[in-house]
Amino acid sequence: MKIRVKFSKVGVLKYIGHLDLMRYFQKAFRRTDIKVKYSGGFSPHMIMSFAQALGVGVESLGEYFDVEIEDGQDVSLMKDKLNAEMAEGIEVLNVTVLPEKALNAMASVAASDYEISFTDGVNPVTESMIQRFKEAKEVLYTKKTKSGETTFNIKEFVFDVQCTKEGVFMKVDSSSAGNLKPRFLIESLLKQEDICVDDHPFHILRKELYLRTPNGDLEPLDHA
Amino acid sequence: MQKLALPESVLMEVSKPERYIGHEINSVVKDKSIVDIRFAMCFPDVYEIGMSHLGIAILYDMFNSFEDTWCERVYSPWPDLDKKMRELGIPLFTLESQEPVKNLDFLGITIQYEMVYTNILQVLDLSGIPFCAKDRTWDDPIVIGGGPCTYNPEPLADFFDIFYIGEGETEYRELLDIYKECRRNNVSREEFLHKAATLPGLYVPMMLDVEYKEDGTIKDFVPKYPDVPKTVKKELVRNLDDTYYPEKPVIPFIKVTQDRVVLEIQRGCIRGCRFCQAGQIYRPVRERSVEYLLDKAHKLLKNTGHEEITLSSLSSSDYSRLDELLNELIKECNEKKVNIALPSLRIDQFSLDVMNKIQDIKKSSLTFAPEAGSQRMRDIINKGLTEEDIVNGSRLAFLGGWTKVKLYFMLGLPFETDEDIKGIADLSNLVAATFYDTVPKEKRVNGHVQIVTSTSFFVPKPFTPFQWAKMDSTQDFIDKAYKTKQFIMGELNQKHIKYNWHEADVSLLEGVFARGDRKLCKVLLTAYKKGCFFDAWSEFYDNEKWLEAFKEENVSIDFYTTRERADDEVFPWDYIDCGVNKSHLLREWHKAQAGEVTKNCKVQCAGCGSARFDCGICVNR
Ligand code: SF4
Ligand code: SF4
């Protein structure tokens, strides 16, 4: 059977890269008595799939991965078993059994919530910027790519945006087809008043990852 | 509250910030207000290398098992961070507490190879500790060195307060107790060091003066006080089943060089290859029991979650119960889906069967280290591996499906002739020919055989029979590598032999420091100030700067490398007693000249002197 694990990653562990995080969880599983399924061959490995790589330096309260385990184990104990093996800063929040036909974590991701807080404590994003952004018919953003530049209407990828005390809350597209980096939105908001994003360093906290239900709603990834 | 010594702006800019944040699983955090002694344990190279070192893991575990002591880790900051720390004035810190190293009581540095000497200066420099021991006060930690290079610590003598000679498990407790007492009684740093110098295995350079002859060689060693011994005897663990071994080693977040459980099956080696320092300084060979090892393997796999385990020793094939150990280990590992990474074993039916069980033959390769190409030269170096062993071993392996062979040799061994060099090419060719003789065309898995022949340059090391040998010059090395290449090109199977050779410049420097004396301290410091560090990394090694440093300090490289040494020369390291007598080494040096071999400890005791430790092979023969 397949389980989906939800976890948080905060504090100094935000510097752990994606591949290292995978190895970290593989080793953690091996320290528990949870029986994980392995691939065959001379160097068997766990069959694990992460919803989305989290950038180095980004914190999160809503990360997910799927892993295949042997049938017949008590899933209700797994959260505690895993948490006994965690380093300070990573906590397993939920372990759920995936329905037979559920899409894997990576393919499921549709959107993310982010909380942006500016490092120096002053929020350069104002209510009026948000208002102007929301009222605009389209807001073009030009992104540099390997093969040059592409310009797109960033509004299509923003489902919600609000001003907070420390910065900005946003719900944006995170699907493989339209993954929007939080930085792009911050940059667009500030640019409306000719403020340069580089002058305002910020922290990113991912709060949740969502899937889209058949009727089009966004639900947290562990509601599969 | 989690604490970091480096600000976010720095961590986000340097490569691999995970090297500096600590907080790994199984790292030990204690309440600093209740411990008496804080010990910083340093491997002066990058984190991934330092974290792979078993010796440090053992000592970390030992120190932290003492209730009054907190041991933390330190590694060399990579050049990108080094630069930032200097710019921003951030002092070097330990990983656990993220506090400046300078706040601690001890800075222990393991010295595994000569090319980290400048990194030691980097560590001192970034910590804000004066380079020279004589300039330090109680505001500075006691700087203590250990590891194989301390069998000749003289090129580093100025920079260390103490060197610990031998295996660390035995004498530290006593040193820590004396330290506590001295601090309680408010005695001077010098008096503490004086006391330390009287402990077994501890060498305090400040307490031993060196007198030189006119020709620059050593006349005598003179202790500063009558109670300071003139000879420092190495320390060793007699019973390896009854000592510290970490059951919960730190698990790094990033992939380190040894990302696996390391099981040290024995210490020492029964063979006396005459170029090999490890074969002498770790004598006598002492084995751990299979029962002990299986118990540790089980616990370590459970506590780390590593997916691989490896055996560590100088010569695993000589471990007396190897088949029993491996069979049990394979059983456990299959169950747990754990890989076994085998150290290079003597190639015979047993080892091939084992490899067959645990590796993909198509991908794995066989390794032979004949070290010399001709039988004459193998007799000189006392390498008991014959052409027949290699041919028979390869034949068996080729029949079993292997097609890749790695061969390791040394160039520049004493008394080497062109014939010996040609022997490298001939032997490589012979292995290739054996493949075509053995495996019929239709059964050749990859169609052909792949031989990789590598040569390194021989560097004479202290406490070996070759400590008297003159080393080749850089030009000799380059010429010999060229000759080897030519000889290989002349072989019938040259198409299937790939030849690799080492950098000659680095070997030369290694040669200088290996048999160096105190006069080299100033060269090191000058080279460091010119910007030399991370010399073990070819991208940072700057030969020009080194040559400048020697010139400016008026120190001759040839004195240490190409000079002939008389049988009765007093060497800079002669005040150390590693267990093997100098008279034995000299006898071996003469036997090498005569091309005579010496049997290994299992076959016949050669009376090297180590029997006085009264343990290991010397008593269980
Ligand atoms: S087998 Fe020879 S080279 Fe290897 S460790 Fe023993 S003495 Fe040294
Ligand atoms: S005393 Fe004999 S058996 Fe012991 S290490 Fe020396 S040569 Fe080997």
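A salt bridge is a side-chain nitrogen of Lys or Arg within 4 Å of a carboxyl oxygen of Asp or Glu. Between chain B and chain A, four salt bridges are counted. One pairing to look for joins the side chains of A:Lys14 and B:Glu8, at 3.2 Å from N to O. The model is a predicted one, in which local features need pLDDT of at least 70 and side-chain atom pairs count only at pLDDT 80 or more, while totals for chains, interfaces and linings use all residues. Residues are numbered from 1 along each chain as its sequence is written, chains are lettered from A and ligands numbered from 1 in the order in which they are written, and side-chain values use heavy atoms, with hydrogens and water left out.

The interface of the two chains can be described further. Here 31 residues of chain B are in contact (heavy atoms within 4.5 Å) with 26 residues of chain A. The size of an interface is often given as the accessible area lost when the parts come together. Chain B and chain A bury about 2,500 Å² between them (accessible area, 1.4 Å probe, lost on being put together and summed over both), and carbon and sulfur atoms give 57% of this. On the side of chain B, the residues that lose the most area to chain A are B:Gln2, B:Phe253 and B:Lys337, together 24% of what that side buries.

Within chain A, an automatic or database assignment gives domain 1 (2–106) and domain 2 (108–223). Their C-alpha centres lie 27 Å apart. In this pair, 20 residues of domain 1 are in contact with 17 residues of domain 2, and the area buried between the domains of chain A is about 1,500 Å², with 44% from carbon and sulfur atoms. A:Gln52, A:Leu61 and A:Tyr64 of domain 1 lose the most area to domain 2, together 34% of what that side buries. Two salt bridges are counted between these domains. A:Arg206 and A:Glu63 form a salt bridge, with their closest N and O atoms 2.8 Å apart.

Finally, the ligands can be located. The residues around ligand 1 (a heavy atom within 4 Å) include B:Cys269, B:Cys273, B:Cys276 and B:Lys383. Around ligand 2, the residues include B:Arg283, B:Cys601, B:Cys605, B:Cys608 and B:Cys618.

Methods:
Buried area = accessible area lost by both parts, 1.4 Å probe.
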